[in-house]
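Keep the 3D view open and follow along, topic by topic.

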Amino acid sequence: MTDDSADSLNDVVTQFTSYEDFLDSKITASALYYLEDEELARQLVELGQWGTVLTREEFQSRKVSPSLRNQHRTLASAGKELKDNFLKALAEREENNRNGILTSIIFIRDRNAGVQEVSGYIDYAHRLQTEDFEAYFSGKKRLMPRRSDLSFYNWRTQMSTSHSSPNYEVITDQPSGLVFQNKTDRKVLELNPWAASSDNWSRSEVKSDLYVQVVIYDHKTRSTTLTPYPAQ
């Protein structure tokens, strides 16, 4: 790779906070009009339907490089006036997810830009590593599940995807259905809403004016006492 091409890649990852934002920049208004599905349009761009693009692996490897990681020494939520309960809950967990004490999973159900109902589970710690959350905490963007997250489901198109992350292994063949196994301590995260919390994980329903439904699962990954977060 030449110095010029390396500089070009670095420009891309600094210009866009996430790979999905980069893909969105390649989608034309006419393409979105005819496809009527934002996720499908992103998939076509990623597959090179409209020309060669930076791969997800190339983008994310640069996002977590030391130079970019240093940009997050200050918490993205610091100094923000947060009014919605969900944003407050994210802010309360941001530092612990950045330093490895927690690996929280966020379940979100809501409507996307195309007014289609979608839902999914997000590895919060991983997203913090690969995105600039300042835009979410400042209200410029909404955090939404993507098909690159732990799981994603579009209720209109019935498109379903699942991907393991650096923190969790996605297991789909269990009698209880979808489960996530933490890669550090091998503990299985119980998604059953009636399951009791344990010493190393807890489940919190969050009432938000921004989303139809939000649930946060907090998993303790270090030998510290997990203090349940207050209900939002």
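Two strands pair if DSSP finds at least two bridges between them. Helices (H or I, at least four residues) and strands (E, at least two) are DSSP runs, numbered from the N terminus. With that in hand, strand 2 (residues 117-123) and strand 3 run antiparallel, joined by four bridges.

This is a predicted model, in which local features need pLDDT of at least 70, side-chain atom pairs count only at pLDDT 80 or more, and totals for chains, interfaces and linings use all residues. Residues are numbered from 1 along each chain as its sequence is written, and side-chain values use heavy atoms, with hydrogens and water left out.

**Confidence**
- The pLDDT (the predictor's confidence in each residue, from 0 to 100) averages 82 over the chain, and 81% of the residues score at least 70.
- Residues 1-5 have a pLDDT below 50, and this stretch has three contacts (heavy atoms within 4.5 Å) in the model beyond near neighbours in sequence.

**Strands**
- Strand 3 and strand 4 form a hairpin with five residues between them, and Gln158 in the turn has a positive phi of about 65 degrees.

**Helix 4**
- Helix 4 (residues 38-46) has Glu39, Ala41, Arg42, Leu44 and Val45 buried; buried means under 20% relative accessible area, exposed over 50%, and partly exposed in between (1.4 Å probe, protein chains only).
- The cover over these buried residues includes helix 2 (19-24), helix 3 (29-35) and strand 3 (151-154).
- Gly48 follows helix 4 and has a positive phi, near 85 degrees.

**Helix 7**
- With 14 residues, helix 7 (residues 85-98) reaches 20 Å from its first C-alpha to its last. That is close to the expected 20 Å, the expected span being 1.5 Å times one less than the number of residues.
- Where is the kink in helix 7 centred? The kink is centred on Glu92 and comes to about 35 degrees, the bend at a residue being the angle between axes fitted to the seven residues ending there and the seven starting there.
- At the N-terminal end, Asp84 caps helix 7, with a side-chain oxygen 2.9 Å from the backbone nitrogen of Phe86.
- Just after helix 7, Gly100 takes a positive phi of about 90 degrees.
- The buried residues of helix 7 are Phe86, Leu87, Ala89, Leu90, Arg93, Glu94 and Asn97.
- Among the elements covering them are strand 1 (105-111), helix 8 (124-130) and strand 9 (213-219).

**Two buried loop residues**
- Ser77 lies in the loop between helix 6 (66-69) and helix 7, and counts as buried because its relative accessible area is 11%.
- Leaving aside neighbours within four places in sequence, Ser77 is in contact with Ala91, Glu94 and Phe137.
- The side chains of Ser77 and Glu94 are joined by a polar contact of 2.5 Å. A polar contact is a pair of N or O atoms within 3.5 Å; within protein, one must be able to donate a hydrogen and the other to accept it, and residues adjacent in sequence count only if both atoms are side-chain atoms.
- Asp149 sits in the loop between helix 9 and strand 3, and is buried because its relative accessible area is 6%.
- Not counting residues up to four places away in sequence, Asp149 touches Tyr121, Ile122, Arg127, Met144, Ser162 and His163.
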